[in-house]
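User: I am new to reading protein models. Could you walk me through a few features, one at a time?

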Amino acid sequence: MTVRIRADLDSLPGYVPGKNIPGAIKLASNEVSLGPLPSVVMAIAEAAERINRYPDNGSVELVARLAAKLGVDEDQVAVGCGSVTLCQQLIQATCTAQDEVLFPWRSFEAYPIVAHVVGATQVRVPLTAEHALDVDAMIAAVTPSTRLVFVCTPNNPTGTALRRAELERLIDAVPDDVVVVVDEAYREFVADPEVPDGVEVAKARWARGRDNVAVLRTFSKAYGLAGLRVGYLVAAAPVAAAVRKVFVPFGVNALAQVAALSSLDAEAELLARCTGIVAERGRVRAALIAAGYDVPETEANFVWLPLGERTAAFNEHCLAHKVVVRAFVGDGARVTIGTPDENDAFLAAALSFPR
Ligand SMILES: *Cc1c(COP(=O)(O)O)cnc(C)c1O
(Lines give C-alpha, C1' and ligand atoms only; values in the text may rest on other atoms or scores of the structure.)
Protein backbone atom coordinates (compact mmCIF):
# COMPACT_ATOMS: atom_id res chain seq x y z
CA MET A 1 0.00 0.00 0.00
CA THR A 2 1.23 3.48 -0.83
CA VAL A 3 1.60 5.80 2.12
CA ARG A 4 -1.02 8.52 2.01
CA ILE A 5 0.58 11.96 1.86
CA ARG A 6 -1.33 15.23 1.39
CA ALA A 7 -2.13 15.22 -2.33
CA ASP A 8 -1.73 18.98 -2.62
CA LEU A 9 1.98 18.69 -1.79
CA ASP A 10 2.55 17.32 -5.31
CA SER A 11 2.07 20.82 -6.67
CA LEU A 12 4.29 22.47 -4.06
CA PRO A 13 7.52 23.76 -5.59
CA GLY A 14 10.57 23.29 -3.38
CA TYR A 15 12.53 26.30 -2.15
CA VAL A 16 15.45 26.78 -4.54
CA PRO A 17 18.48 28.02 -2.62
CA GLY A 18 21.33 29.90 -4.28
CA LYS A 19 23.96 27.51 -5.60
CA ASN A 20 27.34 26.99 -3.92
CA ILE A 21 29.85 26.13 -6.64
CA PRO A 22 33.42 25.43 -5.51
CA GLY A 23 35.81 28.01 -6.88
CA ALA A 24 33.03 30.35 -8.00
CA ILE A 25 31.96 33.67 -6.51
CA LYS A 26 28.53 33.31 -4.91
CA LEU A 27 26.32 36.35 -5.36
CA ALA A 28 23.11 34.33 -5.25
CA SER A 29 21.74 34.47 -1.71
CA ASN A 30 22.06 38.06 -0.48
CA GLU A 31 24.53 37.04 2.17
CA VAL A 32 27.28 39.43 3.22
CA SER A 33 30.57 38.28 1.72
CA LEU A 34 32.78 39.18 4.66
CA GLY A 35 33.01 36.49 7.31
CA PRO A 36 31.82 36.85 10.89
CA LEU A 37 33.61 39.22 13.25
CA PRO A 38 36.23 37.54 15.49
CA SER A 39 34.28 38.61 18.58
CA VAL A 40 31.18 36.80 17.29
CA VAL A 41 33.14 33.65 16.45
CA MET A 42 34.61 33.69 19.95
CA ALA A 43 31.19 34.00 21.58
CA ILE A 44 29.93 31.07 19.49
CA ALA A 45 33.00 28.98 20.40
CA GLU A 46 32.45 29.65 24.11
CA ALA A 47 28.78 28.76 23.85
CA ALA A 48 29.68 25.55 22.04
CA GLU A 49 31.03 24.24 25.36
CA ARG A 50 27.46 24.13 26.68
CA ILE A 51 25.56 22.58 23.79
CA ASN A 52 24.72 19.48 25.79
CA ARG A 53 22.00 21.73 27.27
CA TYR A 54 18.81 22.85 25.53
CA PRO A 55 18.75 26.50 24.54
CA ASP A 56 16.64 29.06 26.38
CA ASN A 57 13.21 28.29 24.93
CA GLY A 58 12.07 31.90 25.26
CA SER A 59 15.33 33.49 24.06
CA VAL A 60 14.80 35.78 27.05
CA GLU A 61 18.07 37.67 26.90
CA LEU A 62 17.85 38.28 23.15
CA VAL A 63 14.23 39.37 23.36
CA ALA A 64 15.08 41.82 26.17
CA ARG A 65 17.98 43.22 24.21
CA LEU A 66 15.93 43.69 21.03
CA ALA A 67 13.03 45.26 22.94
CA ALA A 68 15.38 47.77 24.58
CA LYS A 69 17.06 48.60 21.29
CA LEU A 70 13.77 49.11 19.46
CA GLY A 71 11.97 50.88 22.31
CA VAL A 72 9.15 48.35 22.61
CA ASP A 73 7.98 46.01 25.38
CA GLU A 74 9.41 42.52 25.64
CA ASP A 75 5.99 41.01 24.92
CA GLN A 76 6.09 42.78 21.54
CA VAL A 77 9.06 40.78 20.28
CA ALA A 78 9.13 37.18 19.07
CA VAL A 79 12.29 35.54 17.78
CA GLY A 80 12.35 32.66 15.33
CA CYS A 81 14.57 30.22 13.47
CA GLY A 82 15.17 32.77 10.72
CA SER A 83 12.47 35.26 9.81
CA VAL A 84 11.25 32.78 7.19
CA THR A 85 10.03 30.59 10.05
CA LEU A 86 8.25 33.61 11.51
CA CYS A 87 6.54 34.08 8.12
CA GLN A 88 5.19 30.57 8.45
CA GLN A 89 4.17 31.11 12.08
CA LEU A 90 2.36 34.31 11.13
CA ILE A 91 0.29 32.41 8.57
CA GLN A 92 -0.32 29.55 11.00
CA ALA A 93 -1.45 32.04 13.62
CA THR A 94 -3.87 33.87 11.32
CA CYS A 95 -5.05 31.53 8.56
CA THR A 96 -6.89 28.30 7.92
CA ALA A 97 -7.70 26.85 4.50
CA GLN A 98 -10.55 29.29 3.92
CA ASP A 99 -8.38 32.34 4.42
CA GLU A 100 -6.21 34.38 2.08
CA VAL A 101 -2.62 35.52 2.33
CA LEU A 102 -1.92 38.47 0.08
CA PHE A 103 1.55 39.37 -1.17
CA PRO A 104 3.25 41.13 -4.07
CA TRP A 105 4.71 39.00 -6.84
CA ARG A 106 7.48 38.58 -7.72
CA SER A 107 8.65 38.76 -4.15
CA PHE A 108 10.26 36.58 -1.48
CA GLU A 109 10.07 33.00 -2.71
CA ALA A 110 9.24 31.61 0.69
CA TYR A 111 5.79 33.33 0.84
CA PRO A 112 4.07 30.93 -1.60
CA ILE A 113 5.71 27.91 -0.01
CA VAL A 114 4.80 28.67 3.59
CA ALA A 115 1.28 29.73 2.58
CA HIS A 116 0.81 26.47 0.72
CA VAL A 117 2.18 24.34 3.57
CA VAL A 118 -0.25 25.93 6.01
CA GLY A 119 -3.05 25.46 3.50
CA ALA A 120 -3.99 29.11 3.10
CA THR A 121 -5.04 30.56 -0.26
CA GLN A 122 -2.43 32.71 -1.99
CA VAL A 123 -3.31 36.00 -3.62
CA ARG A 124 -0.36 37.28 -5.64
CA VAL A 125 -0.44 40.90 -6.75
CA PRO A 126 1.81 41.69 -9.74
CA LEU A 127 4.47 44.37 -9.39
CA THR A 128 4.26 47.63 -11.33
CA ALA A 129 6.05 48.06 -14.66
CA GLU A 130 8.85 49.67 -12.61
CA HIS A 131 9.26 46.43 -10.57
CA ALA A 132 7.86 48.03 -7.41
CA LEU A 133 5.01 46.98 -5.11
CA ASP A 134 1.70 48.07 -6.64
CA VAL A 135 0.01 49.68 -3.66
CA ASP A 136 -3.31 50.37 -5.39
CA ALA A 137 -3.55 46.83 -6.73
CA MET A 138 -2.67 45.38 -3.32
CA ILE A 139 -5.39 47.46 -1.67
CA ALA A 140 -7.87 46.38 -4.35
CA ALA A 141 -6.98 42.71 -3.82
CA VAL A 142 -7.99 42.69 -0.14
CA THR A 143 -11.20 40.67 0.36
CA PRO A 144 -13.25 39.67 3.42
CA SER A 145 -11.14 36.46 3.45
CA THR A 146 -7.79 38.25 3.67
CA ARG A 147 -6.08 37.56 7.00
CA LEU A 148 -2.48 38.49 6.29
CA VAL A 149 -0.68 40.88 3.94
CA PHE A 150 3.08 40.64 3.37
CA VAL A 151 4.70 43.93 2.40
CA CYS A 152 8.27 43.17 1.40
CA THR A 153 10.21 46.44 1.45
CA PRO A 154 12.87 46.60 0.12
CA ASN A 155 11.39 43.93 -2.10
CA ASN A 156 13.30 40.73 -2.71
CA PRO A 157 14.30 40.28 -5.57
CA THR A 158 13.71 43.69 -7.17
CA GLY A 159 15.24 45.91 -4.46
CA THR A 160 12.56 48.60 -4.70
CA ALA A 161 11.29 50.08 -1.43
CA LEU A 162 8.06 51.81 -0.49
CA ARG A 163 8.39 55.43 0.51
CA ARG A 164 6.57 56.68 3.59
CA ALA A 165 3.40 57.97 1.94
CA GLU A 166 2.90 54.75 -0.05
CA LEU A 167 3.54 52.44 2.90
CA GLU A 168 1.22 54.42 5.16
CA ARG A 169 -1.48 54.54 2.49
CA LEU A 170 -1.31 50.77 2.09
CA ILE A 171 -1.38 50.06 5.81
CA ASP A 172 -4.22 52.48 6.45
CA ALA A 173 -6.34 51.00 3.66
CA VAL A 174 -6.16 47.46 5.05
CA PRO A 175 -8.94 46.67 7.55
CA ASP A 176 -7.59 46.74 11.09
CA ASP A 177 -8.43 43.08 11.73
CA VAL A 178 -6.02 41.99 8.97
CA VAL A 179 -2.37 41.62 9.95
CA VAL A 180 0.02 43.64 7.77
CA VAL A 181 3.58 42.31 7.98
CA VAL A 182 6.28 44.68 6.81
CA ASP A 183 9.16 42.37 5.90
CA GLU A 184 12.30 44.44 6.42
CA ALA A 185 14.97 41.78 5.90
CA TYR A 186 17.07 44.45 4.14
CA ARG A 187 16.30 47.46 6.34
CA GLU A 188 19.95 48.06 7.25
CA PHE A 189 20.82 48.72 3.59
CA VAL A 190 18.19 51.43 3.08
CA ALA A 191 19.78 54.77 2.21
CA ASP A 192 16.76 56.75 0.97
CA PRO A 193 15.52 58.89 3.89
CA GLU A 194 12.02 58.78 2.37
CA VAL A 195 11.86 55.04 3.07
CA PRO A 196 10.51 54.84 6.61
CA ASP A 197 11.60 52.58 9.46
CA GLY A 198 8.78 50.02 9.67
CA VAL A 199 9.04 49.76 13.45
CA GLU A 200 8.41 53.50 13.80
CA VAL A 201 5.44 53.26 11.42
CA ALA A 202 4.07 50.31 13.41
CA LYS A 203 4.50 52.08 16.77
CA ALA A 204 2.52 55.06 15.53
CA ARG A 205 -0.32 52.72 14.52
CA TRP A 206 -0.26 50.85 17.86
CA ALA A 207 -0.51 54.19 19.66
CA ARG A 208 -3.79 54.72 17.81
CA GLY A 209 -5.07 51.28 18.81
CA ARG A 210 -4.32 49.64 15.46
CA ASP A 211 -2.67 46.40 16.51
CA ASN A 212 -2.49 44.88 13.04
CA VAL A 213 0.90 46.19 11.89
CA ALA A 214 3.96 43.97 12.45
CA VAL A 215 7.57 44.07 11.28
CA LEU A 216 9.99 41.25 10.44
CA ARG A 217 13.76 41.59 10.63
CA THR A 218 16.62 39.14 10.46
CA PHE A 219 20.21 38.59 11.55
CA SER A 220 20.88 36.73 8.28
CA LYS A 221 21.65 39.64 6.01
CA ALA A 222 23.27 42.78 7.46
CA TYR A 223 24.40 40.99 10.62
CA GLY A 224 26.02 38.18 8.68
CA LEU A 225 24.49 35.22 10.55
CA ALA A 226 22.67 33.47 7.68
CA GLY A 227 24.10 30.11 8.70
CA LEU A 228 22.78 30.29 12.25
CA ARG A 229 19.10 31.10 11.55
CA VAL A 230 17.72 33.85 13.72
CA GLY A 231 15.16 36.51 12.94
CA TYR A 232 12.58 38.50 14.87
CA LEU A 233 9.08 39.88 14.75
CA VAL A 234 8.09 43.19 16.30
CA ALA A 235 4.33 43.30 16.78
CA ALA A 236 1.51 44.31 19.07
CA ALA A 237 1.49 42.03 22.11
CA PRO A 238 -1.53 39.91 21.06
CA VAL A 239 -0.01 39.24 17.62
CA ALA A 240 3.41 38.40 19.06
CA ALA A 241 1.74 36.07 21.59
CA ALA A 242 -0.17 34.24 18.84
CA VAL A 243 3.02 33.82 16.80
CA ARG A 244 4.82 32.43 19.85
CA LYS A 245 2.03 29.88 20.36
CA VAL A 246 2.62 28.17 17.03
CA PHE A 247 6.40 27.87 17.35
CA VAL A 248 8.40 24.68 17.29
CA PRO A 249 9.96 24.37 20.77
CA PHE A 250 13.65 25.30 21.00
CA GLY A 251 13.59 26.53 17.39
CA VAL A 252 16.23 29.20 18.02
CA ASN A 253 19.38 27.31 18.95
CA ALA A 254 21.83 28.30 21.66
CA LEU A 255 24.62 29.34 19.30
CA ALA A 256 22.24 31.51 17.31
CA GLN A 257 21.07 33.30 20.46
CA VAL A 258 24.62 34.00 21.60
CA ALA A 259 25.75 35.06 18.13
CA ALA A 260 22.82 37.46 17.80
CA LEU A 261 23.62 39.04 21.16
CA SER A 262 27.28 39.43 20.34
CA SER A 263 26.38 40.85 16.91
CA LEU A 264 24.29 43.48 18.67
CA ASP A 265 27.38 44.29 20.76
CA ALA A 266 29.30 44.77 17.49
CA GLU A 267 26.46 46.55 15.74
CA ALA A 268 28.42 49.67 14.82
CA GLU A 269 31.07 47.63 13.05
CA LEU A 270 28.50 45.53 11.20
CA LEU A 271 26.48 48.57 10.12
CA ALA A 272 29.67 50.22 8.85
CA ARG A 273 30.04 47.21 6.56
CA CYS A 274 26.54 47.90 5.26
CA THR A 275 27.57 51.46 4.40
CA GLY A 276 30.37 49.98 2.29
CA ILE A 277 27.92 47.66 0.56
CA VAL A 278 25.59 50.58 -0.16
CA ALA A 279 28.46 52.47 -1.81
CA GLU A 280 29.32 49.41 -3.89
CA ARG A 281 25.66 49.03 -4.83
CA GLY A 282 25.73 52.52 -6.31
CA ARG A 283 28.88 51.79 -8.24
CA VAL A 284 27.61 48.46 -9.61
CA ARG A 285 24.22 49.85 -10.59
CA ALA A 286 25.79 52.86 -12.34
CA ALA A 287 28.17 50.60 -14.30
CA LEU A 288 25.30 48.35 -15.38
CA ILE A 289 23.15 51.27 -16.45
CA ALA A 290 26.07 52.77 -18.37
CA ALA A 291 26.39 49.42 -20.15
CA GLY A 292 22.76 49.61 -21.22
CA TYR A 293 21.07 47.43 -18.60
CA ASP A 294 17.75 48.31 -17.06
CA VAL A 295 18.32 48.23 -13.28
CA PRO A 296 15.54 49.36 -10.96
CA GLU A 297 16.45 51.60 -8.03
CA THR A 298 17.49 49.38 -5.15
CA GLU A 299 17.62 49.90 -1.40
CA ALA A 300 18.83 46.37 -0.64
CA ASN A 301 22.16 44.54 -0.92
CA PHE A 302 21.41 43.33 -4.44
CA VAL A 303 20.47 44.55 -7.91
CA TRP A 304 17.71 43.21 -10.16
CA LEU A 305 18.18 42.75 -13.87
CA PRO A 306 14.80 42.26 -15.53
CA LEU A 307 16.16 40.30 -18.49
CA GLY A 308 13.00 38.35 -19.31
CA GLU A 309 13.68 35.59 -21.81
CA ARG A 310 17.43 36.32 -21.75
CA THR A 311 17.74 35.45 -18.06
CA ALA A 312 18.79 31.83 -18.59
CA ALA A 313 21.49 32.83 -21.09
CA PHE A 314 22.72 35.55 -18.73
CA ASN A 315 22.89 33.01 -15.92
CA GLU A 316 24.96 30.61 -18.05
CA HIS A 317 27.25 33.42 -19.12
CA CYS A 318 27.89 34.44 -15.50
CA LEU A 319 28.52 30.81 -14.51
CA ALA A 320 31.06 30.53 -17.32
CA HIS A 321 32.76 33.54 -15.67
CA LYS A 322 32.62 31.73 -12.32
CA VAL A 323 30.01 34.06 -10.88
CA VAL A 324 26.85 32.54 -9.41
CA VAL A 325 23.84 34.85 -9.62
CA ARG A 326 20.23 34.05 -8.79
CA ALA A 327 18.23 33.51 -11.97
CA PHE A 328 14.45 33.46 -12.06
CA VAL A 329 14.17 32.01 -15.53
CA GLY A 330 11.95 34.01 -17.86
CA ASP A 331 11.86 36.92 -15.45
CA GLY A 332 15.20 38.27 -14.29
CA ALA A 333 18.43 37.83 -12.36
CA ARG A 334 19.16 39.00 -8.84
CA VAL A 335 22.77 39.72 -8.05
CA THR A 336 24.03 40.25 -4.51
CA ILE A 337 26.50 43.06 -3.89
CA GLY A 338 29.70 41.46 -2.60
CA THR A 339 33.19 42.76 -1.97
CA PRO A 340 34.64 45.21 -4.54
CA ASP A 341 36.65 42.38 -6.14
CA GLU A 342 33.62 40.14 -6.39
CA ASN A 343 31.58 42.96 -7.85
CA ASP A 344 34.30 43.63 -10.41
CA ALA A 345 34.22 39.96 -11.44
CA PHE A 346 30.46 40.17 -11.85
CA LEU A 347 30.67 43.42 -13.82
CA ALA A 348 33.27 41.87 -16.14
CA ALA A 349 30.82 39.05 -16.80
CA ALA A 350 27.84 41.36 -17.27
CA LEU A 351 29.70 43.74 -19.56
CA SER A 352 30.83 40.88 -21.79
CA PHE A 353 27.32 39.44 -22.09
CA PRO A 354 26.19 39.95 -25.69
CA ARG A 355 23.43 42.54 -25.72
C1 LIG B 1 16.36 36.60 3.38
C2 LIG B 1 14.96 37.03 3.62
C3 LIG B 1 14.24 36.68 4.77
C4 LIG B 1 14.64 35.76 5.83
O5 LIG B 1 15.73 35.29 6.07
P6 LIG B 1 16.03 34.37 7.32
O7 LIG B 1 17.38 33.91 6.99
O8 LIG B 1 15.01 33.27 7.34
O9 LIG B 1 15.93 35.24 8.53
C10 LIG B 1 12.98 37.19 4.97
N11 LIG B 1 12.42 37.97 4.07
C12 LIG B 1 13.05 38.32 2.96
C13 LIG B 1 12.36 39.20 2.01
C14 LIG B 1 14.31 37.84 2.68
O15 LIG B 1 14.90 38.17 1.54
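Analyst: Start with burial. Buried means under 20% relative accessible area, exposed means over 50%, and partly exposed lies in between (1.4 Å probe, protein chains only). Helices (H or I, at least four residues) and strands (E, at least two) are DSSP runs, numbered from the N terminus. This is a predicted model: local features need pLDDT of at least 70, side-chain atom pairs count only at pLDDT 80 or more, and totals for chains, interfaces and linings use all residues. Residues are numbered from 1 along each chain as its sequence is written, and side-chain values use heavy atoms, leaving out hydrogens and water.

User: How many residues of helix 4 are buried?

Analyst: Seven of the nine residues of helix 4 (residues 110-118) are buried, so the rest of the structure largely encloses this helix. Among them are Tyr111, Ile113 and His116.

User: What covers the buried residues of helix 4?

Analyst: Contact means heavy atoms within 4.5 Å. The cover includes helix 3 (83-94), strand 3 (100-105) and strand 5 (146-152). Glycine 119 follows helix 4, and its phi is positive, near 95 degrees.

User: Where is lysine 221?

Analyst: Lysine 221 sits in the loop between strand 7 (213-218) and strand 8 (231-234). At 14% relative accessibility, lysine 221 is buried. An unreviewed UniProt entry places "modified residue: N6-(pyridoxal phosphate)lysine" at Lys221. Such annotations may be inferred rather than shown by experiment; positions follow the numbering used here, and feature names are shortened.

User: Which side chain makes a polar contact with the side chain of lysine 221?

Analyst: A polar contact is a pair of N or O atoms within 3.5 Å; within protein, one must be able to donate a hydrogen and the other to accept it, and residues adjacent in sequence count only if both atoms are side-chain atoms. Here the partner is the side chain of tyrosine 186, at 3.2 Å.

User: Which residues are closest to the ligand?

Analyst: A residue is near a molecule or strand if one of its heavy atoms lies within 4 Å of it. The ligand has 13 residues around it, and the closest are Tyr186, Thr218, Ser220, Lys221 and Arg229. A side-chain N or O atom of arginine 229 is 2.6 Å from a ligand oxygen. A polar side-chain atom of aspartate 183 is 2.8 Å from a ligand nitrogen.

User: What is the order of the three strands in the open sheet?

Analyst: Strands of a sheet pair through backbone hydrogen bonds, either parallel or antiparallel. Two strands pair if DSSP finds at least two bridges between them. The order is 9-12-11, with antiparallel pairing. Strand 9 (302-305) and strand 11 (326-328) are at the edges with a single partner strand each, so one side of each has no neighbour in the sheet.
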